[in-house]
Amino acid sequence: MLISSAITTAKATVLSLLLVGCENLFDYSPYSIESGSQQRTAIHLSRVENASLPHFEPFRFALTADTHAYYDQADQLVHVLNQRHDIAFLLIAGDLTDYGLQQEYQWKTDILDNLTIPYLTAIGNHDALNNGKENYQAFFGGFDYSFVYNQVKFVVLNSNSWEFANTVPRLDWLQAELDNDFLYQHQIVLTHIGPYDQRFTSQPSQDYLAVLKQYFVSLVAAGHDHLHTYSEEALSNGQTISYLTTGTVKDSAYVVVTVESGGIRIDREHL
Amino acid sequence: MVPKSLFVAAQILVLWCAGVAHGNESSRPIADSVIFQHAGNMGFVSAGLGWQTGAHLEVHLLAGYAPESLEGIDIYVAGAKANYLFNPLVSNEQTTTRVYTGLAFIYYFGNRYSTRDYPRGYYTYPSYQWHLMPYLGIKLTSNDPAQRGVSLYTEIGVIDAYLIHFYNNHQTLEWDQAINLSLGVSIPLH
């Protein structure tokens, strides 16, 4: 009797699995590439730019990085940000996934799409593994882009040199984007790997830094190290460049950046 | 080219074994069964050979393929599966039903899945080109002499990367997002 019940239950379970959403249960590999183009970057850029004022007005944005496979904490972050009404948008400094898998991108965007504010991302080195570059493009869009919000220029830079066969960061593109610094109150660079990382051997690092210092960049916001660090460097022209390593959402914390005419304030807040 | 060659070679091997089984009664086939499987992270379809040791252990070697039209990129895969079969749940004149558990070692061909160009230890398991996948299966074997002991099976498994994610994220990930199913048939060569 027991065995008969067990068999009936097993058969019912298998049949249920086959009948309910069975198509998604038959995985052919973990390395599938997302079909189509979901254009999240373009959609959220449009929302940010539509909300932007033509002149400078102080504002706040939230910053996180290295959300990796910390889905529970990412979900918590979404809930916290949705309760706030003083944040213009969220920036994520890369490593949204561990292995660049389509399923990982799907899980993460399922969570992030619940945000009521727009969000924009930089690609991280983990996001570019396996078929991650193609998946990133399908879920989000391009790797390098820029936008302006309240007369502050944001430049999002792909700095994952090893994963892109040392063809990035595209310093000529970065230079061109930062060139019109006189038009903006501040210029902020969002990237995954900061210029002081070990992977940039001396000369590329110097070139990377030279471009950042050459123009009026107020803040370089990076991820990658899973640590929260902040430093400032006075430049010879009297300006200051700030380097922020955001830290990971795993630590149940995020950063709020307050942009004011006189400068930028960094606050680390806990979930 | 290597993955395609291996895949074709595996298919030829399967056909040769089947030929030995059917064409020459005195020859001993090199395997106990021919396996065909759908899904289970072994491609859209995979084929290979099976060996049984004693009453409880069996091993399957499979080569699989999934086309670009389904996965966005051609997938070439090879895998080894080790099954431990529990005693039959039920056995009657028609079928014998057995539940089993197993572990698959799965290797995906293609340089883009390799981490060997990075410093040693920079990317760690399960970032590798190979993966492990535990699973549970149920197998129905025909006892009808006319069907020569053909078995149908289905397996429910979780590949290592998803298993780790699921283990660490009970609040946000649903179990049906992590698991996968496969269907297969095992044809005896004896």
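Me: What places Tyr105(A) in helix 5 of chain A?
Reply: Tyr105(A) falls among residues 102–112, which make up helix 5 of chain A; helices here are DSSP runs of H or I with at least four residues, strands are runs of E with at least two, and both are numbered from the N terminus. This is a predicted model, in which local features need pLDDT of at least 70 and side-chain atom pairs count only at pLDDT 80 or more, while totals for chains, interfaces and linings use all residues. Residues are numbered from 1 along each chain as its sequence is written, and chains are lettered from A and ligands numbered from 1 in the order in which they are written.

Me: Why is Tyr105(A) called buried?
Reply: A residue is buried if 20 or more other C-beta atoms, placed from the backbone, lie within 10 Å of its own, exposed if 12 or fewer do, and partly exposed in between. Tyr105(A) has 21 such neighbours inside 10 Å, and therefore counts as buried.

Me: Which residues does Tyr105(A) touch, leaving out those up to four places away in sequence?
Reply: They are Glu34(A), Thr97(A), Asn135(A) and Phe139(A), where contact requires that the two C-beta atoms, placed from the backbone, lie within 7 Å. As for Leu91(A), which is 14 residues from Tyr105(A) along the chain, the two C-alpha atoms are separated by 16 Å.

Me: What makes His44(A) a buried residue?
Reply: Its count of C-beta neighbours inside 10 Å is 22, so His44(A) is classed as buried. His44(A) belongs to helix 3, residues 40–51 of chain A, and, with neighbours within four places in sequence set aside, is in contact with Pro118(A), Tyr119(A) and Leu120(A).

Me: How many residues of chain A and of chain B are in contact with each other?
Reply: On the side of chain A there are 33 residues, in contact with 37 residues of chain B. The elements of chain A that give two or more residues to this side are helix 1 (2–19), helix 4 (71–83) and helix 5, and helix 1 gives the most, with 6 residues.

Me: What is the make-up of the side of chain A that touches chain B?
Reply: Its residues divide into 20 nonpolar, 7 polar and 6 charged, with Ala, Val, Leu, Ile, Met, Phe, Trp, Tyr, Cys and Pro taken as nonpolar, Asp, Glu, Lys and Arg as charged, and the others, Gly among them, as polar.

Me: How many helices and strands does chain A have?
Reply: Chain A has 8 helices and 11 strands, and of its 271 residues 44% count as buried.
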